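Q: Please take a close look at one part of this structure. How does that part sit among its surroundings?

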Amino acid sequence: MSFRGMPRARSFAKPAQRALISRETLHVDGLQVTVLRKNNRNMYLRIKPPYGAIEVTAPARMPERTIVDFVRDRRGWIDDALQKMAAARSRTFASTDVDPAVPSSSIAATGVEEASAHEEMSGFTWNEQYIARARQSIERQIPGLLDTWTPVIGRSPSKITVRAMTSRWGSCTPKTARIRLNLQLGLMDPKFLEYVLVHEMTHLWEHGHGAGFQNRMTDALPNWKELRRELNKCTIFEVPQTRN
């Protein structure tokens, strides 16, 4: 299950995949910009989640001044993207139901400015402790959720796998009835794990997200669209690969 909400890496155009010639760092009006030089004909700007790393892909012989002007011309878009990513980070663990040991859960999502002020001290970074906590949390919740939702959905997964994901909260293979859940859900508000599980279990009946899928979701979980909107406003923190 992928989502359209923030954060997502964005670019002004999709560059062709070309070999990297060099990498350098520029500082433009307080912004740190990574410049990747390739045999491109045009320049491309990308803001990478979750922390808003700014990356420019530029032609090999492009003058530095041209790159700086390119970034300055797009400063408004950059600031908007960075603000949205900061808000998404602050919301991800902002719940009284989140494990208090997760640093970011101490930040209420009351505004980007407040979240940014606490970013250095309370920013979330994956480590072995959090990986273990997340996995244990999901494994503890799953049995009860399956007991609740299997009779409602009418089908159950053959296997549930918990894994690190970079762009999805969950996925389902209807043919094998296997469901995969994003490890990060174990550290977030439990309502999101429940929503993602119900979403993926519904795919055991409906492969796409058409009317049939939406009707089943509404019958099972009437507030699912609201939960989807909330989850779209959270961010996925990349985690080191772990064994399933």
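A: Start with the words for the parts. Helices (H or I, at least four residues) and strands (E, at least two) are DSSP runs, numbered from the N terminus. This is a predicted model: local features need pLDDT of at least 70, side-chain atom pairs count only at pLDDT 80 or more, and totals for chains, interfaces and linings use all residues. Residues are numbered from 1 along each chain as its sequence is written, and side-chain values use heavy atoms, with hydrogens and water left out.

The chain holds seven helices and eight strands. The close look is at helix H5, residues 190-202.

Now its cover. Buried means under 20% relative accessible area, exposed means over 50%, and partly exposed lies in between (1.4 Å probe, protein chains only). By this rule, 44% of the 244 residues of the chain are buried. In H5, 10 of the 13 residues are buried, so the helix is mostly covered. Among them are Phe192, Tyr195, Val196 and Leu197. (Ala, Val, Leu, Ile, Met, Phe, Trp, Tyr, Cys and Pro count as nonpolar, Asp, Glu, Lys and Arg as charged, and the others, Gly among them, as polar.)

What does the covering? The list includes helices H4, H6 and H7, and strands S6, S7 and S8.

Look at S6 first. Ile160 is found in this strand, which runs over residues 159-163. Ile160 is partly exposed, because its relative accessibility is 23%. Contact means heavy atoms within 4.5 Å. Leaving out residues up to four places away in sequence, Ile160 touches Ile142, Leu146, Ile179, Leu181 and Leu197. The C-alpha atoms of Ile160 and Leu197 are 9.5 Å apart, although 37 residues separate the two along the chain.

Next comes H7, residues 224-232. Two packed helices are described by the angle between their axes and the distance between the axes. Axes are lines fitted to C-alpha atoms, for helices over the stretch in contact, and angles run from 0 to 180 degrees between N-to-C directions. H5 and H7 pack at about 115 degrees, with axes 10 Å apart. On the H5 side, Lys191, Phe192, Tyr195 and Val196 make the contact; H7 brings Trp224, Leu227, Arg228, Glu230 and Leu231. That gives six nonpolar, no polar and three charged residues.

Finally, the core. A nonpolar core is a set of buried Ala, Val, Leu, Ile, Met, Phe, Trp, Tyr and Cys residues joined through side-chain atoms within 4.5 Å. The largest one has 39 residues, and Tyr195 is among those with the most contacts inside it, along with Trp126, Trp149, Trp169, Leu185 and Met188. H5 gives two or more residues to this core, as do H4, S8, H6 and H7. H4 supplies the largest share, eight residues. A second, separate core of 20 residues includes Val28, Met43, Ile47 and Met62.
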